[in-house]
Amino acid sequence: LRVLRAFLGVTFAYAGVQKLADPGYLSSSEPTFIGTQLKEFSTGSPIAWLLHPLMQHAVAVGVAVAVIEIAIGIGTLAAIAPLTMAFGGGITSLALWLSATWHVHPYFLGSDSIYAVAWTAYALSLLEVRRSQLRAAPPGDAAPFRSGIDRRAFLRSGALVAGVMSLGGLASLLRGRPRTGDLAGNLAAAAPRSASPRPSVSAVDGKPIVALDKLRVGRPVAFTGPSGEPAALFRLSESEIVAYSRICTHAGCTVGYDRSSNLLVCPCHLARFDPDREAQAVSGPTSIPLPKIDVAIDDSTGMVVTPQS
Ligand code: FES
């Protein structure tokens, strides 16, 4: 029980602090914005009906989630209302399992399922300990029922609130300024110009994405891949262009582009992929690169195209 209590308490407090310390968490123009996460989580989630209305109040929801996590973490570590904390931790983990890691297959690669089970085991163990203590107590020795909040409970509640405010405030103070990244805006929509007649060098039969002379280094273009998946086209240098699927290889959220780091960033669990290095995962919960998409230049039109197979 002590091991579970320490691990779950520290982890939940850390998760809440990490959210509040993330400069992008409450900023709608950032890849890690809570609203973007909710949108991605809702796709195919069994609790999408709950997530959709929450998206309208993304910032408030984000703050509430972080504060609740910190409160549960501190409360668990300090053994304040342990059963209530265990119940709250279990509900929070269950909600995250049904949304954030619902798409992770096999399920044991997603972390929230084991947290939900761990909180349940912790709560059941607490109940069992309480029952044993009651059984062991001599008859008539049971603590008398007291109504209202006694002094000790009042002090503990105060300590919990103070702890949450201190830790949450500290995390907010340590938060840096939002990066200049703009998840959607940094990926310009593909706007193919009408093909200008040029001497035909080699015609490629394919679906046009964008004119080559409109594609700039550091200004990737979003387009729809051959299988209908969201994709991004990059010009790495004057002579090199590449395209990748934007479906995250962790659990299928759509990655965005962070201009300040020149990385593709997943809003769901923060996997980052480097377009300059074959879209390899440079951090986060996956080591699988984003799939590459074949593109070619149609010299007859000057367009970058996805070749028809
Ligand atoms: S879906 Fe989990 S990091 Fe992308």
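Helices, of at least four residues, and strands, of at least two, are taken here as DSSP runs numbered from the N terminus. On this basis, the chain, which is a predicted model, contains seven helices and 11 strands. Of the 309 residues in the chain, 40% are buried. The accessible surface amounts to about 16,600 Å², and carbon and sulfur atoms account for 63% of this area. When contacts between residues at least 6 apart in sequence are considered, 60% of them join residues at least 24 apart.

Among the helices, α1 (residues 2-21) packs against α4 (residues 58-77) at an angle of about 155°, and the two axes lie 7 Å apart. Because angles over 145 degrees count as roughly antiparallel, α1 is described as roughly antiparallel to α4. The contact draws on residues of α1 that include Arg-5, Ala-6, Gly-9, Val-10, Phe-12 and Ala-13, together with Ala-15, Gly-16, Val-17, Lys-19 and Leu-20. On the side of α4, the contributing residues are Val-65, Ala-66, Glu-69, Ile-70, Ile-72, Gly-73, Thr-76 and Leu-77. The crossing of α1 past α4 is left-handed.

The loop between α4 and α5 holds Ala-79. This residue has a positive phi of about 55°, although Ala-79 is not a glycine. Most residues other than glycine have a negative phi. Helix α5 itself spans residues 82-99 and includes Ser-99. Since buried means under 20% relative accessible area, Ser-99, with a relative accessibility of 4%, counts as buried. With residues up to four places away in sequence set aside, Ser-99 is in contact with Phe-41, Ser-45, Ile-47 and Leu-51.

Strand β11 (residues 303-307) runs antiparallel to β2 and is joined to β2 by five bridges. Within this pairing, Gly-206 is placed opposite Pro-307 of β11. Strand β10 also runs antiparallel to β11, and three bridges join these two strands. Here, Ile-297 has Val-304 of β11 as its bridge partner. The strands β10 and β11 form a hairpin in which four residues lie between them. In the turn, Gly-302 shows a positive phi of about 75°. Four of the five residues of β11 are buried, so this strand is largely enclosed by the rest of the structure.

A further open sheet consists of four strands in the order β6-β7-β8-β9, again with antiparallel pairing. Strands β6 (256-258) and β9 (280-283) stand at the edges; each has a single partner strand, so one side of each is left without a neighbour in the sheet. From one strand to the next, the twist averages 40°. Strand β8 (residues 272-274) pairs with β9 over three bridges in the antiparallel sense. Asp-274 has Gln-280 of β9 as its bridge partner.

The loop between β6 and β7 (263-265) contains Asn-262. Phi of Asn-262 is near 55°, a positive value in a residue other than glycine.

Technical notes. Residues numbered from 1 in each chain as written. Predicted model: local features only at pLDDT ≥ 70, side-chain atom pairs only at ≥ 80, totals over all residues. Heavy atoms only, no water. Buried < 20%, exposed > 50% of the residue type's maximum accessible area, 1.4 Å probe, protein only. Contact = heavy atoms within 4.5 Å. Areas by Shrake-Rupley, 256 points an atom, 1.4 Å probe, with all protein chains shown as cover. Pairing = 2+ DSSP bridges. Axes fitted to C-alpha atoms, helices over the stretch in contact; angles between N-to-C directions. Parallel < 35°, antiparallel > 145°, perpendicular 65-115°, else oblique. Left-handed = near helix turned anticlockwise from the far one by under 90°.
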